[in-house]
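User: I would like to learn how to read a protein model. Please take me through some features, beginning with a single residue.

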Amino acid sequence: QVQLVESGGGLVQPGGSLRLSCLASGSISNIGAIGWYRQSPGKERELVAMQLNNGRTNYAEFVQGRFTISRDNAKNTVTVYLQMNNLEPDDTAVYYCKSQSVFGPFDAWGQGTAVTVSP
């Protein structure tokens, strides 16, 4: 199993920046892709950005070049970041880290970190 712990959320003004972090531990060798989803009140959870093990990335259209996903691989952990710039009120949501397994039904979710964009 993979354990995911997010951090870095908070309150930011429109136009500001935040960097989210997600620390993955456990069966990290079974991670095929890792990245971020978000869920706003009253809306379904949606993809923000994912990165495959080969480095390819997939961004949601609403990112529009404002967000960048990156990752650091250590011996026993993987840390994935989401750099968010030029934040807008519509970016207000709980952001969840997700890992997708290579073998078996072992996708994992973090507990989420809240981002609020408000004057």
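Analyst: A93 is found in strand β9; strands (E, at least two residues) are DSSP runs, numbered from the N terminus. The model is predicted, so local features need pLDDT of at least 70 and side-chain atom pairs count only at pLDDT 80 or more, while totals for chains, interfaces and linings use all residues. Residues are numbered from 1 along each chain as its sequence is written, and side-chain values use heavy atoms, with hydrogens and water left out.

User: Is A93 buried or exposed?

Analyst: Buried means under 20% relative accessible area, exposed over 50%, and partly exposed in between (1.4 Å probe, protein chains only). A93 has a relative accessible area of 5%, so A93 is buried.

User: Which residues is A93 in contact with, leaving aside its neighbours within four places in sequence?

Analyst: Contact means heavy atoms within 4.5 Å. With those neighbours set aside, A93 contacts R38, Q39, S40, T113, A114 and V115.

User: What is a nonpolar core, and which residues touch the most other members here?

Analyst: In soluble globular proteins, nonpolar side chains tend to be buried together. A nonpolar core is a set of buried Ala, Val, Leu, Ile, Met, Phe, Trp, Tyr and Cys residues joined through side-chain atoms within 4.5 Å. The largest one here has 28 residues, and W36, L82, M84 and Y95 touch the most other members. Several strands each supply at least two residues of this core, among them β1 (2-7), β3 (18-26) and β8 (78-84). M84 has contacts beyond four places in sequence that include L18, L20, F67, Y95 and V115.

User: In what order do the strands of the open sheet run?

Analyst: Two strands pair if DSSP finds at least two bridges between them. Here 4 strands form an open sheet in the order β1-β3-β8-β7, with antiparallel pairing. β1 and β7 are the edge strands, each pairing on one side only. Between β1 and β3 there are 6 bridges in the antiparallel sense. L4 stands opposite A24 in β3.

User: Which residues other than glycine have a positive phi?

Analyst: Most residues other than glycine have a negative phi. Q64 has a positive phi, near 50°, and is found in the loop between β6 (57-59) and β7. N86 also has a positive phi near 50° and lies in the loop between β8 and β9.

User: How accessible are Q64 and N86?

Analyst: Q64 is exposed, with a relative accessible area of 63%. N86 counts as partly exposed because its relative accessibility is 44%.
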